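Have the sequence and the 3D view handy.

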Amino acid sequence: MARRGTEAFPDLGAHCDREDCNQLDFLPFGCDGCGKVFCAEHRTYLGHGCARAADQGRTVVVCEACGDAIERTGKKTDAEILDAHARSRRGCDPARKRKPRCPARRCKETLTFSNTSVCKGCGQKLCLKHRFPADHECDTRVSPAGAAAAAAARRAGDCGRDAQKINKDGGGWALPPLVRNFRMF
């Protein structure tokens, strides 16, 4: 058991449990294999000669076709594990590995949660670089599902779109009736 802290601060830090070190460390590491406390230099299994150093933990084999990670169990080779994965009930489906990409011309950006934008004109999912209609040929590449989604959004009048309609008088922005008739005092 490591001695704790100093005389002034008995609960602060601990001495390294390695016999030849005994360094006082204010941020000691606890080993989950032997339960002893060590300094930064001796925190690894090999650094303090822990009996758990021989344990390699859990390892996996990654299937190149579908990208699944298969855990190694027993003493099977990687080829045997991948062969059993291909024959399994779930099987190996290369379509699961493909990620959605931006449909704009010559763009190879993978679409993720944080860099995806839906075009309000055509309803396509695009990367942030091509989110504006002029950047992705909006009028020529309308899909039926995208057109339906865009039409529904236009009918709903989301985000104050009524305010963007031009006045019949010849210019400027028309305010929605609720805002136009609002009196503060």
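Phe9 counts as exposed because its relative accessibility is 53% (exposed means over 50%, buried under 20%, and partly exposed in between, with a 1.4 Å probe and protein chains only). You'll find Phe9 in the segment before strand S1 (14-15); strands are DSSP runs of E with at least two residues, and helices are H or I runs of at least four, numbered from the N terminus.

A quick note on the ground rules: this is a predicted model, where local features need pLDDT of at least 70, side-chain atom pairs count only at pLDDT 80 or more, and totals for chains, interfaces and linings use all residues. Numbering starts from 1 along each chain as its sequence is written, and side-chain values use heavy atoms, leaving out hydrogens and water.

## Charged partners

How many salt bridges are there? The count is three, taking a salt bridge as a side-chain nitrogen of Lys or Arg within 4 Å of a carboxyl oxygen of Asp or Glu. Arg18 pairs with Asp20 at 2.8 Å, N to O. Asp20 is exposed, at 60% relative accessibility, while Arg18 is partly exposed at 28%.

Asp78 and Arg72 make another, with their closest N and O atoms 3.0 Å apart. Arg87 and Asp83 bridge at 3.2 Å; both sit in helix H2 (residues 78-87), four residues apart, or about one turn of the helix.

Ser117 belongs to strand S7 (residues 116-118).
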